[in-house]
Amino acid sequence: MVLGLYATYAYGHHPSAWRHSGSGGATPSSLSYFTHLARCAEEALLDFIFLADTPSVFNDERGGRSGRVVGLEPITLLSALASCTSHIGLIGTLSTTFNEPYNVARQIASLDHLSGGRAGWNIVTSSKHGAARSFGLDGLPTHIDRYGRAEEFVEVVNTLWHSWSHDAFIRDRIAGIYYRPEGRRPVAFEGKYLSVFGELNVEPCPQGRPVLVQAGASPSGVRLGARWADMIFTAASEYSEAERFIRTLERAMSDVKRVGKRPLVLPGVSVYGGKSRAEARARFDELLDLVHPEHAISMLSDQLGVDLSDRDPSLPLGNKMPASKGNQSKRERILAMAGADPKLTLIQLARKISVARSHLILVDSWDGVADSLVSWFNTGVCDGFNVMPPVLPEDLYGFVNEVIPRLQDRGVAARSQELGTLRDRVRA
C-alpha cells in the first residue's frame, strides 16, 4: 500500500493536539521540526509527506482556542525539506483560484528539480471565504466557476511542463548551441477563464510530469480527478462510502474518456492505537475532553459554511440549512451523518466532526488497527492511506513503531527503500 504523512498541522490533526503533552516538541514555523518529521517518515519507508494549505488564516475558530491559525507556505517548506531528505515524496497544495498557471508550473517544476523528481501538486479550488477576502474579493466564485477555471488551469500547467522537448538543451560548447530551437513548444491557450502564451522558463521536469493529486469529492471534483489525477485523497469514514467512491470515480473516468488504470485512492486515516482497545479508547476520550464546546461548534460552522453559534447545542442540527459556496462534498457528508441519526445533538455532531473532520478514525489495539488497514486495502476500496496523526510527533512515533512493522509482517508495506522518482515510487 501507498502510505503518506499528512503533516500540515504541526501539532497534529486533533483540534486540541496543541494542548496535549505529546505535542510538546511541535513548533509550527521551525524547519528543524518539520525536517525531523520528514526524516522520521522517510526512515519508516513512507512514500510521501503532504502539506495542505488555505491561503488565509484558518478561521474555523475565533475564540483563541485553535492551534491552526498560522503555518508555513507549503512549497517554500517542501523546497527546504528537499535538501534534508533523499527519497520521500514532497506533495504540496496550491490553489487554482488564487494563483496563476505560469507561477504554479514554475514552482512545482522547480521543486521537482531541487528534489530529484519527488514533487507532487495537490490541486484545490479553495473553499474558504477568508481566502477570497485575502485576495481582495467580496466572496468565493461559484462552485461551477471555480471548477471551470481549475479544468483550464491544470491543462495549461500540464502544457507548460511540456513546453520544451526532453532533448532541447544540448549545451554544445564547441558549436556554441545551448538549445535546439525546434525543441521549443510555445503554449498558446485561450479559454473562458485563462489566457496563457509562451514557454515555461524551467527545464523539463525529472518526472516528465510531477505527480498530480486531487481531493474534491463533489461531482465537479471527481470529474477533475478522473481527468487529471494520479492520486486522490478522500475523506471516506466508512467502508461502504469508500466502495461507492471507487465506483463513482470509475464512472467519471468513462465520462472523460480516460483509459488505463484509475488514480490511486488514499483515504485519510487518524489512528488512536494502544496495547488494547481499552487503552486506545482512553486516549481518544482524553483528547476529546480537551476540545472546548465553542471550538467544536465553530469548526462545524466552518465546514458547513453556516454560523451555528446562536443555535441551542442540545438540539439536533435539523434539515433547514442555508446555501453555501464552500466545500460541497464535506457539507453533504456532514448533513448525511446528521440525517442518519436524528437524535444526534448539535454539540455531539460537532465533537464527532472535530476529531478528524469526517475522515476515517480507528480506535483500536495496534493489531486491530493493522487489521483494519489491511482489510480496506485488500478488498480494493483504496490503494493506501494518508496518515493523519492526532498528535504530532507522538502519534507519528506510534504509527511508525507499532503499525508499520505489523503491515510489513502482513505483506502489504515496503521493507526496503524504493528508489527513483515519486511517480516511480507510487507506480502512478
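**Close-ups of a predicted model**

Just past the end of helix H9, Gly305 takes a positive phi of about 75 degrees. Keep in mind for every view here that this is a predicted model.

View 1. Helix H9 covers residues 293-304, and Gly305 comes just after it. Its end C-alpha atoms sit 17 Å apart, which agrees with the 16 Å that 12 residues should span at 1.5 Å a residue. Which residues of H9 are buried? They are His295, Ala296, Ile297, Met299, Leu300, Ser301, Gln303 and Leu304. The cover over these buried residues includes helix H10 (328-340) and helix H11 (346-354).

View 2. As a general rule, nonpolar side chains in soluble globular proteins tend to be buried together. Zooming in on Ile49, what does this residue touch, leaving out residues up to four places away in sequence? Its contacts are Leu5, Ala7, Ala38, Leu78, Leu81, Ile88, Gly89, Leu90 and Ile91.

**View 3. Helix H5, wrapped up by the rest.** H5 runs for 19 residues and reaches 27 Å from its first C-alpha to its last, close to the 27 Å expected at 1.5 Å a residue. Of those 19 residues, 14 are buried, so H5 is largely enclosed by the rest of the structure.

View 4. The whole structure holds 20 salt bridges, and here is one of them: Asp383 pairs with Arg262, with the closest N and O atoms 2.7 Å apart. The two partners come from distant parts of the chain, 121 residues apart. Asp383 sits in the loop between helix H12 (366-378) and strand E11 (384-387), while Arg262 sits in the loop between helix H7 (239-255) and strand E9 (264-274).

View 5. Arg406 and Asp367 meet through their side chains in a salt bridge, 2.8 Å from N to O. Arg406 belongs to helix H13 (residues 394-409) and Asp367 to helix H12, so to speak two distant parts of the chain, 39 residues apart. Asp367 counts as partly exposed because its relative accessibility is 39%. Asp371 forms a salt bridge with Arg410, where the closest N and O atoms are 3.0 Å apart. Asp371 is in helix H12, and Arg410 is in the loop between H13 and helix H14 (422-426). Asp371 is partly exposed, at 41% relative accessible area, and Arg410 is partly exposed too, at 32%. Salt bridges with shared partners tie Asp367, Asp371, Glu402, Arg406 and Arg410 into one network.

View 6. Val57, Val69 and Val70 make a nonpolar surface patch of about 230 Å². Where does Val70 lie? Val70 is in the loop between strand E2 (48-51) and helix H2 (74-82). Why does Val70 count as exposed? Its relative accessibility is 57%, and the cut-off for exposed is over 50%.

Conventions. Residues numbered from 1 in each chain as written. Predicted model: local features only at pLDDT ≥ 70, side-chain atom pairs only at ≥ 80, totals over all residues. Heavy atoms only, no water. Patch = residues over 30% accessible without salt bridge, like charges linked within 9 Å, V, L, I, M, F, W, Y side chains within 5 Å. Areas by Shrake-Rupley, 256 points an atom, 1.4 Å probe, with all protein chains shown as cover. Salt bridge = Lys/Arg side-chain N within 4 Å of Asp/Glu carboxyl O. Helix = DSSP H or I, 4+ residues; strand = E, 2+ residues; numbered from the N terminus. Buried < 20%, exposed > 50% of the residue type's maximum accessible area, 1.4 Å probe, protein only. Contact = heavy atoms within 4.5 Å. Expected span 1.5 Å × (residues − 1).
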